[in-house]
Amino acid sequence: MYGKSLREISFSQILINECRVSGCPEKVSDELEELRGLEDNGKTEQAGSVLKKAVEKLSGGTNTVLFDAGGLPSVMVIVPAVTGADMPEGIQLQGAHPAFRVGGKILRRIYVSKYLNCLADGRAVSLPMSEPAGIPCFDDAVKSVKGKGAGWMPMPVSLRAAISLQCLKNGREVTGNTDRGRDYYHHEETGIRTQSGSVLTGSGPVPWTHNGRTDGIWDLVGNLNEWDSGFRLADGELQLMDTEAMTDPACDYSRDSALWYALDPEGRKALPGTRETLHFTGGDGWVRLTTGIPEPATGNCAFSNVGAEPGLKVPEILKLAGLMPPGNGLSERLGWRWIRTEGEAMPLSGGAFLITYHSGLFFMGVTKPRDAAYRLSGVRSVFISAEDAQEEE
């Protein structure tokens, strides 16, 4: 763990901690020595370049370091475009997943924070062996990421779904800190616990990554719930926001933003409040997709048990966004689904260190307002580069 303010952390300390996560310090011993020399001589820019190359070398090119508008580094996982070939049984998809479609083009990759973010100068950063920052309000989470500059955003719900569906296809049971420093179902899986009950980022075993390797995305399950972007419930109505809009640092995520849109029963864009748009309704032990206006209530059930009203065919876009299960016979260990049908509710994903069996890869609680004072929540930033957009073949 870092022993002083994050803004003053040396690049060599970041590399030392990244080596602790990878378990291969000998691979970058020369780079670490070079880093220390550059830092001793005040050559910050050159040191940043060496840190980036060292992280790429450690991971075999699957991780990198990005510097935001304020010059703060974040260790990122390079996620190649997810396609129909990566989807589990029950989902029909040709070409790239919608999370990788921006402005009529296909993104060949997206950069995802390797770690739950901590805060430096009020900005979200992804660093190894750090205590993830508790960010109790959605608006504060957005602010911490927007301050990083163009292309940065909180994890979009659609991107989380693409990664999670790929894990499901690959048979990955992703675990994490869901029980005060350990996994609820596997007590032998532990991390370095903080005073709050979270664990230091990257300190757990490799089953806590999306791919079962040290170069993967850590803590998609457990540790802290994550404020995700691009989806909300408004009196139960499902409302989304396009990823392209969220790449703009001036993106308006507010309650009254014109960027929010609803869906008709076929999954096409519709104006919020339009007749027969898709809603969630629910109660204790059940959640259901409907075109009716729900009564104010809170619903909950295993994600695998979320259903649809009789006669309503679930649009494929909802499966691709992780809002409806992709098929039958799924494990309850994929997580719980909570919804609130009164007022605005923002998504919290993954579960946290107190959520025990409710946590999971597809856990989502959509019950908290944007100004909730919720202590078990944090954020994971994502970066999309316009240079990675290409015409579909």
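Student: Which residues of α5 are buried?
Tutor: The buried residues of α5 are V157, S158, L159, R160, A161, A162, I163, S164, L165 and C167. Buried means under 20% relative accessible area, exposed over 50% and partly exposed in between, with a 1.4 Å probe and protein chains only. Helices are DSSP runs of H or I with at least four residues, strands are runs of E with at least two, and both are numbered from the N terminus.

Student: Why is α5 called largely enclosed?
Tutor: Ten of its 13 residues are buried, so the rest of the structure largely encloses α5.

Student: Where did these values come from?
Tutor: This is a predicted model, where local features need pLDDT of at least 70, side-chain atom pairs count only at pLDDT 80 or more, and totals for chains, interfaces and linings use all residues. Residues are numbered from 1 along each chain as its sequence is written, and side-chain values use heavy atoms, leaving out hydrogens and water.

Student: What comes after α5?
Tutor: G171 follows α5, and its phi is positive, near 70°.

Student: Now the whole chain. How many helices and strands are there?
Tutor: The protein chain has seven helices and 23 strands.

Student: And how much of the chain is buried?
Tutor: 58% of its 393 residues count as buried.

Student: What are the dimensions?
Tutor: The C-alpha trace of the protein chain spans about 70 × 45 × 40 Å along its principal axes.
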